[in-house]
Amino acid sequence: MSLRDALRIPLREVTDEAVYADRRRLLAALAASPALTLAGCTEAAPPPPPAKTVITPEQAKAGFRTDEELTRYEDVTSYNNFYEFGSGKADPSRARKTLRTSPWHVLVGGECAKPGRLSLDDLLKGIKPEERIYRLRCVEGWSMVIPWLGVPLSSVLKRFEPTSKAKYVAFVSLGDPAQMPGIRVPILDWPYREGLRIDEAMHPLAFLATGLYGKPLPQQNGAPLRLLVPWKYGFKGIKSIVRIEFVEKMPETAWHASQPEEYGFFSNVNPDVDHPRWSQASERRISGTASKLFADRIPTRPFNGYGPQVASLYAGMDLRKWF
Ligand SMILES: Nc1nc2c(c(=O)[nH]1)N[C@H]1C(S)=C(S)[C@@H](COP(=O)(O)O)O[C@H]1N2
Ligand SMILES: [Mo]
């Protein structure tokens, strides 16, 4: 692709996502040829760089960014699971109207030296924001590739100085029926709860997102603060977090409490352990311009492809027992 092409936004899809993708391609083209200036690029255009995200070998090795085709912004923000707003995929976009994300406070406590109730600004103060491009694999059998903004979970947790008794971290979502109409339906035992073992929580891939596609997090994606644990099924990525607690015992989680035979605490993506009602061997990859319903099926990978980074956390564990 020439720089002129890189600058041209296809009118067909003038979406935020298209603008973002073009900015990326432009950056990629510039990176491929540092001496190139916009003025001098017409004739001696360099060989076209692949229309893909440029990632450094370090980022790839850490699993921080993938160059797989991104899911469109409009799909990331219109096909969601956020049961506090209803169980249909389009229901969470209603959150835009009712979920107030500012002011927002997070109460942090339990087994730590410095508990507190912090505004979102104070919680994140001084921590360098990063962009991570993660695969998100829903337990239902679909997946996306999403560029998130946020901070490593470990950077936030460390400020509270967890004690040696902090073996797990528990998370709780907002549970306000006035803002979340779906809470009147007792599908889950509200508020939504999740948890991680402390070593999982401190892993460099565990991430707290405050944005996506370079913009603030939309309500339907869990604004203003949501968890991402890319090697686990999507439901571990609890949205709209208001409480974090360091605990000694494995905490109860919303989906485990509701259907313990179907959803375990660990919920690592595992193509070899089927859901009792469906196979987990493959997934519908919603990305690019593929239609959501007819998206290609691709094989599901152990730990959602993050095995090189995280498999050692589970050394010696029977992952069929600890599903
Ligand atoms: N509070 C809360 N968090 C939640 C959910 C939910 O219903 N409530 N759904 C989970 C599920 S099943 C998935 S797949 C992801 C979806 O995130 P996304 O809508 O941003 O893609 O959010 C997870 N976090
Ligand atoms: Mo999910």
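1. Strands here are DSSP runs of E with at least two residues, numbered from the N terminus. On that count, Tyr 213 sits in the loop between strand 7 (207–212) and strand 8 (215–216). Tyr 213 is not a glycine, yet its phi is positive, at about 50 degrees. Please keep in mind throughout that this is a predicted model.

2. Two cis peptide bonds deserve a look. One joins Ser 102 and Pro 103, with omega at about 0 degrees; Pro 103 belongs to the loop between helix 5 and strand 1. Another runs from Trp 190 to Pro 191, where omega is near -5 degrees. Pro 191 is placed in the loop between strand 5 (168–173) and strand 6.

3. Five strands form an open sheet in the order 2-1-10-5-6, and the pairing is mixed. Strand 2 (116–119) and strand 6 (193–197) are the edge strands: each has a single partner, so one side of each has no neighbour in the sheet. On average, neighbouring strands of this sheet are turned by 20 degrees against each other, direction ignored.

4. Within that sheet, strand 1 (residues 105–110) and strand 2 run antiparallel and are joined by four bridges.

5. What surrounds ligand 1? The shell holds 15 residues, and the closest are Asn 80, Tyr 83, Glu 84, Gly 237 and Lys 239. Sorted by class, the shell has six nonpolar, six polar and three charged residues.

6. Some polar contacts of ligand 1 can be checked one by one. The side chain of Glu 84 has an N or O atom 2.8 Å from a nitrogen atom of the ligand. Arg 226 places a polar side-chain atom 2.9 Å from an oxygen atom of ligand 1, and for Lys 239 the distance from such an atom to a ligand oxygen is 2.7 Å. On its own, ligand 1 has 530 Å² of accessible area, and the protein covers 98% of it.

7. Finally, the aromatic rings. The whole structure contains 13 aromatic pairs. One of them is Tyr 79 with Trp 142, an edge-to-face pair with centres 5.2 Å apart and 80 degrees between the planes. Why does this pair tie together parts that are apart in sequence? Tyr 79 lies in the loop between helix 4 (73–76) and helix 5 (95–98), whereas Trp 142 is in strand 4 (residues 142–152), so the parts tied together are 63 residues apart in sequence.

How values were computed
Residues numbered from 1 in each chain as written. Chains lettered and ligands numbered in written order. Predicted model: local features only at pLDDT ≥ 70, side-chain atom pairs only at ≥ 80, totals over all residues. Heavy atoms only, no water. Near = heavy atom within 4 Å. Polar contact = N/O pair within 3.5 Å; in protein donor to acceptor, adjacent residues only side chain to side chain. Areas by Shrake-Rupley, 256 points an atom, 1.4 Å probe, with all protein chains shown as cover. Nonpolar A, V, L, I, M, F, W, Y, C, P; charged D, E, K, R; others polar. Pairing = 2+ DSSP bridges. Axes fitted to C-alpha atoms, helices over the stretch in contact; angles between N-to-C directions. Phe/Tyr/Trp six-rings, centres within 6.5 Å; stacked < 30°, edge-to-face > 60°.
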